[in-house]
Amino acid sequence: MIKMKNAIRKWTVTTLAIMFTVAVAGCGGSQSAAPGNSAGGAAKIGVVSFLSGGGAAYGEAIRQGLELARDEINAKGKTKLELIFEDSKGEKNEAINATNKLIHKDNVLAIIGPTLSGEMFAAGPIASQAGVSIMGTSTTAEGITDIGDYVFRNSLPESLALPNVVKKAKDKFSLKKVAVMYSNNNDFTVSGFKTFEQAIKDNGLETVTVETFADKDTDFSAQLTKIAALKPDAIIISALYQEAALILKKAREIGITIPIIGNNGFNSPQLIKLAGSASEGAVVASPWFPGKDDAKVKNFVAAFKAKYNKEPDQFSAQAYDAMYIMADAIEKAGTTTDRKKLRDSLATVKDFQGVTGKFAFDAKRNPAMDVTILVVKDGKFTELK
Amino acid sequence: MFLQQVVNGLTLGSTYAVIALGYTLIFGVLNIVNMAHGEIFMIGAFVGLMLVTKFNVSIFVALAGAMVVGAALGYLLERVALRPLRRREVSHLAPLISTIGVSIFLESLALKIFGPQAQSFPPLYSGQLFEIGTLKISLIQIIILAISFGLMLALRFWLDKTKLGKSIRATAENIETAGLLGIDTRKVIVLTVMLASGLGAVAGVLVGLAFNAVEPTMGISMGFKGLAVLILGGLGNVTGAMIGGLILGIAEVFSVAYGSSSYREAVAFGLIIFLLFLRPQGLFGSQTSQGGR
C-alpha cells in the first residue's frame with residue numbers, strides 16, 4: 001500500500017515537473033529570434049516594441065505593420081531592410097537594455113520604437129547620445145522630441161489630436177460641463193490629461209470633477225457613481241484601451257449614456273472588442289481611418305487583411321508609414337551604415353504620402369499631419385461629421 | 001449617492017469575503033496559509049468565462065462548473081503540495097513554499113492557455129438597472145450580492161448544524177483531540193481544502209462578472225486582499241472573514257468616493273493596520289492563541 005502511494009506520488013511529481021518544463025520552454029520560445037548573418041547591403045533597423053504583457057496588443061500591431069512594409073519594400077528591391085525586434089515588455093528598464101543592445105551589439109543604423117512615451121523618455125536619451133536616430137510610431141506625449149536631435153516621431157501627438165476632438169465634440173453635442181478621468185501612474189495618460197485640461201479651458205467648458213485611477217485597476221464603480229451624480233454632458237478619459245474598455249462597460253452598466261471622449265488609447269479595435277456594445281458612442285481623434293476613400297489606404301487594408309486576417313489599427317498604420325519613411329530616408333541618404341547622414345536625411349522628409357495622409361517632419365521632428373475625428377457606431381469606427 | 005457607494009462597497013466587499021473564506025477555512029483546520037488560493041481563484045474565473053463564452057451556459061451553471069473545477073484543483077493541491085509534507089512533519093514554512101510553487105505553476109499554465117490579454121464576460125447581464133428611489137442597482141450587482149451572501153449564510157449554517165461541519169470545526173479546534181474522538185481528520189482536511197478552493201473559484205467568477213477583466217495575474221492582488229481580510233477578521237474565524245471582507249470593500253470604495261483613488265489601497269490597508277492596533281488578535285479572534293500547533 002505504502003509502496004503504491006509512493007509510486008503515485010513520484011508519478012505526480014514527475015508529471016508536474018514535465019509540465020513545468022514544457023511551460024517554461026514554451027515561454028522561452030516566444031522570444032524574438034537572434035539576428036542571423038546580415039544580408040549583403042541590407043540596412044539594419046532595430047525595433048523596440050511592447051511585445052508581451054498588458055499592452056502587448058499595441059506592440060503586436062506595430063510589429064505587423066512594420067513587417068508588412070518591410071516585405072513590400074524588400075520585394076521592390078530598391079532598399080533592403082533587416083528588422084531586429086526586441087521586447088520592451090512596456091518597462092523603462094527593458095527599453096533601455098534593448099536600446100543599448102541594438103546600438104552596441106547589433107550595430108543598427110536606426111531604431112524604431114519604443115511603444116510607450118514613458119519608454120521613449122528612458123530610451124531616447126541613450127540613442128540620442130550614441131548618435132542613432134530613434135523614431136517613435138506611437139509615442140504621443142508632450143516633449144518627446146525635446147529629448148534630443150536624433151529623436152523623431154511620426155505618431156500624431158496628443159497636443160494636436162486632443163484639442164481637435166474636444167472642439168468637435170463641443171460643437172456636435174453642445175457640451176457645457178464635463179467630467180474628466182485619467183490614469184495617474186502612466187506618463188502617456190497624465191500628459192493626455194494635461195492636454196485635455198488645456199483644451200477644456202480653451203473651449204470654455206466647465207469641469208465638474210477630475211477622477212483618477214491607476215493602470216491595471218479593475219473597479220471603477222466608485223468614480224463613475226460620483227460622476228453620474230454630478231450629471232455632466234460628457235466624460236473625457238485619458239487611459240489605455242484595457243482600462244478604457246472596463247470604464248465604458250461599467251459606465252453603460254450603471255446607466256451613464258452621455259458621450260465618452262477618449263485620448264489616443266481609445267484608438268484601437270481592441271477597445272471595441274473588449275467593451276462590445278458599451279463602446280457605442282465613444283469619440284476619439286485619429287490620424288488613421290481605414291474607411292478612407294484613397295487607393296493607398298485601400299491597398300494597405302487589403303494587404304494587411306490578407307496577411308494577418310484582421311483590419312489594421314492606428315498603430316499598424318503608423319508603423320507601416322514609419323517603415324516607408326525610414327526606407328525613403330535611407331534611399332536618399334544613400335548609405336546603410338552612416339548614422340549621421342541618415343539622421344539628416346530623415347529630418348528633411350516632407351510631402352511624404354502615406355496611409356495616414358500627407359506627412360512631413362516639422363523643425364522639431366514632430367509630424368505635421370491631418371486629424372480625423374471618429375466615433376464608434378455599430379461596432380466600428382466611423383467618421384464623426 | 002451615499003447609499004449608491006455603500007452598494008458598490010458591499011459588492012466589492014462580498015467578493016473579498018468569499019475569497020477570504022477560503023483562506024480562513026484552510027488556516028483554521030491546517031494552520032497554514034494557502035498561497036495558491038489566489039491562482040485557484042483566477043482559474044475559477046477562467047473556467048466560468050469559458051463555460052459562458054464557449055458553451056453558452058447560464059451564469060449559474062458556470063458558477064457550479066467553476067466550483068467543481070476549483071474543488072478538483074483543491075483535491076490535487078492537497079495531494080501534491082500539502083499531504084506529502086504533512087506526513088513528513090516538516091516545518092510550517094514548507095507548505096507555504098510548496099503552495100507558492102503551485103501558484104506559480106497555475107499562473108504560467110493560465111498564461112500559456114489563455115494568453116496575457118484581459119478577457120471579459122459577454123454583456124449578458126449588463127444594462128439592466130433596478131431603481132429603488134434614487135438608488136440604482138444593476139442586475140450583476142444583485143447576482144453578486146445574492147450569491148456571495150447566500151454562500152456565506154449557507155456555509156455558516158452548514159458549519160454550525162451538520163455533522164460534517166461540526167467535524168471540521170472540531171478538527172480546527174484541535175486536530176489530535178478530534179482524531180481521538182473518532183473523526184477521520186484526513187478526510188476532513190481533504191474536504192476543507194476542496195471546499196475552500198471551490199469557494200475561491202466561485203469568487204473568481206463573481207469578480208470576473210463584476211469587473212470584466214479576467215487575466216492570469218488577477219489572482220495576485222486579490223490573493224493579498226484575501227490574506228489581509230484573513231488577518232483582519234481574526235485568523236481562522238469564519239464570521240471575521242465575512243465582516244472583514246465587507247469592511248475592506250467599503251473602505252476602498254469610500255476612499256475613492258470621498259478622497260482620491262490613488263490612495264484606495266493605502267487607505268484600506270491603513271485602516272487594517274489601525275484596527276489591528278486596537279485588536280491585535282483581529283476583529284473576531286480570541287484573546288489566547290488556541291491549539292498551539
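Residues are numbered from 1 along each chain as its sequence is written, and chains are lettered from A in the order in which they are written. Because the model is predicted, local features need pLDDT of at least 70 and side-chain atom pairs count only at pLDDT 80 or more, whereas totals for chains, interfaces and linings use all residues.

Where pLDDT is low, the predicted coordinates should not be read in detail.

Chain A contains 12 helices and 15 strands, taken as DSSP runs (H or I, at least four residues, for helices; E, at least two, for strands) and numbered from the N terminus. Of its 385 residues, 54% count as buried, a residue being buried if 20 or more other C-beta atoms lie within 10 Å of its own, with C-beta atoms placed from the backbone. Among contacts in chain A with a separation of 6 or more, 69% come from residues 24 or more positions apart.

Five strands of chain A form an open sheet with parallel pairing, in the order β2-β1-β3-β4-β5, where two strands pair if DSSP finds at least two bridges between them. The edge strands, each pairing on one side only, are β2 (81–87) and β5 (151–153) of chain A. Strand β1 (residues 43–49) of chain A is joined to β2(A) by seven bridges, and A:Val48 has A:Glu86 of β2(A) as its bridge partner. Helix α12 (residues 339–347) of chain A packs on the sheet and touches β3 (110–112), β4 (133–136) and β5 of chain A, its direction making about 40° with that of β4(A); axes are lines fitted to C-alpha atoms, for helices over the stretch in contact, and angles run from 0 to 180 degrees between N-to-C directions.

All 13 of the 13 residues of α8(A) are buried, and just after this helix A:Gly255 takes a positive phi of about 90°.

Between the chains, 31 residues of chain B are in contact with 34 residues of chain A. At least two residues of this side of chain B are supplied by each of α1 (2–30), α3 (59–87), α4 (93–114), β2 (135–138) and α10 (238–257) of chain B.

Technical notes:
A residue is buried if 20 or more other C-beta atoms lie within 10 Å of its own, exposed if 12 or fewer, and partly exposed in between; C-beta atoms are placed from the backbone. Two residues are in contact if their C-beta atoms, placed from the backbone, lie within 7 Å.
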